Amino acid sequence: MRGLDGEPVLLERTAYAGWIAPVVERIEPDCPSVTQRLLDDTGLVFAYGEHLIDAVAAGARDAELLDVRRTSPLLRVRRMTTTREGRPVEWSDDRYRSDAVSFSVHNSIGNNALARRTGPALTDA
């Protein structure tokens, strides 16, 4: 759980690869950045990441933890990161209160990493 000014705004659910998990387990739960701690302690660089961003309805548990009504919209960011060599480091499913955050994506003609994909509801049709 992460907060802003004492208000819950983010649920982070992250699984780490087995090769780095023992190091992560030793990090204190209130560490502000596991990524920075791993860099500082081990030199691990999270070099590449794929982020999938969509909206989901809050389930009962997420609603309770984020202090919103069940079915309230949440911004979900699913992420998979790797090392420079392509070795998986983490898989994450983060849920943000929609009234608390926004994302900005910058691209250009020279470097456009943005991809658009059909959502699951449209692929079933």
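This is a predicted model: local features need pLDDT of at least 70, side-chain atom pairs count only at pLDDT 80 or more; totals for chains, interfaces and linings use all residues.
## Salt bridges

Side chains of opposite charge can pair when their charged atoms come close. In this model the count of salt bridges comes to twelve. One of them joins Asp 62 to Arg 95, with the closest N and O atoms 3.3 Å apart. Asp 62 belongs to helix α3 (residues 60-66) and Arg 95 to strand β5 (residues 88-97), so this pair ties together parts that are 33 residues apart in sequence. Asp 62 and Arg 95 are both buried.

A salt bridge also links Glu 90 with Arg 79, and here the closest N and O atoms are 2.9 Å apart. Glu 90 is in strand β5 and Arg 79 in strand β4 (residues 73-82), so the pair connects parts that are eleven residues apart in sequence. Both of these residues, Glu 90 and Arg 79, are buried.

Arg 95 has a relative accessibility of 15%, and Asp 93 has one of 18%. Buried means under 20% relative accessible area, so Arg 95 counts as buried and so does Asp 93. A network of salt bridges links Arg 13, Asp 62, Asp 93 and Arg 95.

## The surroundings of Asp 93

Asp 93 is located in strand β5. Leaving aside neighbours within four places in sequence, Asp 93 is in contact with Leu 11, Glu 12, Arg 13, Arg 76, Val 77 and Arg 78. The side chain of Asp 93 also makes a polar contact of 2.7 Å with the side chain of Arg 95.

Asp 93 and Leu 52 are 41 residues apart in sequence, while their C-alpha atoms are 9.5 Å apart in space.

In soluble globular proteins, nonpolar side chains tend to be buried together. The largest nonpolar core of this model has nine residues in all: Ile 20, Val 24, Ile 27, Cys 31, Val 34, Leu 38, Leu 44, Phe 46 and Val 89. Apart from this core lies another, of six residues, which include Leu 11, Ala 58, Leu 66 and Leu 74.

Cys 31, a member of the largest core, touches Arg 2 and Arg 37 when residues up to four places away in sequence are not counted.

## Gly 49 in strand β3

Strand β3 (residues 48-57) contains Gly 49. This glycine has a relative accessible area of 45% and is partly exposed. Not counting residues up to four places away in sequence, Gly 49 touches Met 80 and Thr 81.

Gly 49 and Val 89 are 40 residues apart in sequence and 9.7 Å apart in space, C-alpha to C-alpha.

## The second largest pocket

The volume of the second largest pocket is about 480 Å³. This pocket is lined by 17 residues, of which Arg 2, Glu 12, Thr 14, Tyr 16 and Val 34 are the closest to its centre.

Strand β2 (7-16), helix α2 (34-42) and strand β5 each supply at least two residues of the lining. The largest share, three residues, comes from β2.

Methods. Residues are numbered from 1 along each chain as its sequence is written. Side-chain values use heavy atoms; hydrogens and water are left out. A salt bridge is a side-chain nitrogen of Lys or Arg within 4 Å of a carboxyl oxygen of Asp or Glu. Helices (H or I, at least four residues) and strands (E, at least two) are DSSP runs, numbered from the N terminus. Buried means under 20% relative accessible area, exposed over 50%, partly exposed in between (1.4 Å probe, protein chains only). Contact means heavy atoms within 4.5 Å. A polar contact is a pair of N or O atoms within 3.5 Å; within protein, one must be able to donate a hydrogen and the other to accept it, and residues adjacent in sequence count only if both atoms are side-chain atoms. A nonpolar core is a set of buried Ala, Val, Leu, Ile, Met, Phe, Trp, Tyr and Cys residues joined through side-chain atoms within 4.5 Å. On a 1 Å grid over the protein atoms alone, a cavity is a set of points where a 1.4 Å probe fits but cannot get out, and a pocket is an open set with protein on both sides within 12 Å along at least five of seven lines; lining residues have an atom within 4 Å of a point. Grid points are joined across faces, edges and corners, and a volume is the space filled by probe spheres set on the points.
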